[in-house]
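Hi everyone, thanks for coming. I'll walk you through one protein today, so please have a look at the screen.

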Amino acid sequence: MEPTDPRPAATVVVARPGPSGVEVLLLRRSAGSRFAPGYVVFPGGVADRADERRAAAWFGDAAQRMRACAVRELAEEAGLALTADGLRPTDGASIDDMVSSSPPAVDDLHEMARWLAPEVLPVRFDAWFYSVIAPAGTAATPDMEEVDLAWWERPADALARFQLWTALMWPTYRTLEALAVCSSVDEVARLRVRQEPPPSSPLARAASPEYRG
């Protein structure tokens, strides 16, 4: 089988200060989701045709398409719009209207990682990971279509509750490992995670749902 071209995608790691340390926003993909149903993920998804236009409008640079994708996916899946004034609940408002009236800066989305799925997988993603810092108490709302649950949790606690390959994909798992050693949201903003092969056989990797967080 010829390898497929990877689909560009963006993932957003949203971190906030919590009473016992850094907490990150996690979502559970719904049972009816076309991709990885039931898996625990960070907000994110595939770039669409309009993201280049959004990037030009929001960041003044169409080349920032993946950051625009990240902003859009965060709003669609978790009901949070990243604006110049920080994260705001969308409350059903148009993400294009909300962000266009008060666009964030490029530096509000810190580049954290890039995960490229191996050629052995039938569906591949080229996923750009960004981190966004949220104030304490920020609430998220799942869209109840692609995701049916949204919550905040310390990365170490998530690793203790969810297993690799049954609830976590490798990029998500590895990112949580890296986040677990961050003692502050400032450290999250500076965090860079390198792509690494998962600790399993090539057969297990090929059987896993996908390289995406």
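Let's start with a question: which residues does Arg-174 touch, not counting residues up to four places away in sequence? They are Trp-115, Val-193 and Glu-196. Contact here means heavy atoms within 4.5 Å.

Before I go on, some housekeeping. This is a predicted model, where local features need pLDDT of at least 70 and side-chain atom pairs count only at pLDDT 80 or more, while totals for chains, interfaces and linings use all residues. Residues are numbered from 1 along each chain as its sequence is written, and side-chain values use heavy atoms, with hydrogens and water left out.

Okay, the overall view. You're looking at 7 helices and 9 strands. The protein has 213 residues, and 50% of them are buried. Buried means under 20% relative accessible area, exposed means over 50%, and partly exposed is in between, using a 1.4 Å probe and protein chains only. The accessible surface comes to about 9,900 Å², and carbon and sulfur atoms hold 50% of that. The areas come from the Shrake-Rupley method with a 1.4 Å probe, and for residues only the protein chains shown count as cover. Also, if you take the contacts with a separation of 6 or more, 65% of them join residues 24 or more positions apart.

Back to Arg-174. You'll find Arg-174 in helix H5, residues 170-179. Is Arg-174 buried or exposed? At 19% relative accessibility, Arg-174 counts as buried. And H5 as a whole is mostly covered, with 8 of its 10 residues buried. Among them are Trp-170, Pro-171, Thr-175 and Leu-179.

The largest nonpolar core has 66 residues, and Leu-25, Met-112 and Leu-179 touch the most other members. H2 gives the most to this core, with 8 residues. A nonpolar core is a set of buried Ala, Val, Leu, Ile, Met, Phe, Trp, Tyr and Cys residues joined through side-chain atoms within 4.5 Å. In soluble globular proteins, nonpolar side chains tend to be buried together.

Now zoom in on Met-112. Leaving aside neighbours within four places in sequence, Met-112 is in contact with residues including Val-13, Phe-129, Ser-131, Thr-175, Leu-179 and Val-188. Ser-131 is in strand E8, and is buried with a relative accessible area of 0%. Besides Met-112, Ser-131 touches Val-13, Asp-108, Leu-109, His-110, Val-188 and Ala-189, again not counting residues up to four places away.

What about Leu-25? One of the residues that Ala-150 touches is Leu-25, and Leu-26, Leu-27, Ala-140 and Pro-142 are on that list too. Ala-150 belongs to strand E9 and is buried, at 19% relative accessible area. Ala-150 and Gly-79 are 71 residues apart in sequence, yet their C-alpha atoms are 10.0 Å apart in space.

Next, a pair of helices. Two packed helices are described by the angle between their axes and the distance between the axes. The axes of H1 (residues 51-59) and H2 (residues 65-78) come within 8 Å and cross at roughly 95°. H1 and H2 are therefore roughly perpendicular to each other. For us, 65 to 115 degrees is roughly perpendicular, under 35 is roughly parallel, over 145 is roughly antiparallel, and the rest is oblique. The residues making the contact include Asp-51, Glu-52 and Ala-55 of H1, and Arg-65 and Ala-68 of H2.

Look at Arg-65 in H2. Arg-65 is partly exposed, at 30% relative accessible area. Arg-65 is in contact with Pro-8, Ala-47, Asp-51, Glu-52 and Ala-55, leaving aside neighbours within four places.

Last stop: two loops. Most residues other than glycine have a negative phi, and most peptide bonds are trans. Asp-91 has a positive phi, near 50°, and lies in the loop between strand E6 (86-89) and helix H3 (95-101). Met-144 has a positive phi as well, near 65°, in the loop between E8 (125-133) and E9 (147-153). Asp-91 is exposed at 72% relative accessible area, and Met-144 is exposed at 55%.

Notes. Helices (H or I, at least four residues) and strands (E, at least two) are DSSP runs, numbered from the N terminus. Axes are lines fitted to C-alpha atoms, for helices over the stretch in contact, and angles run from 0 to 180 degrees between N-to-C directions.
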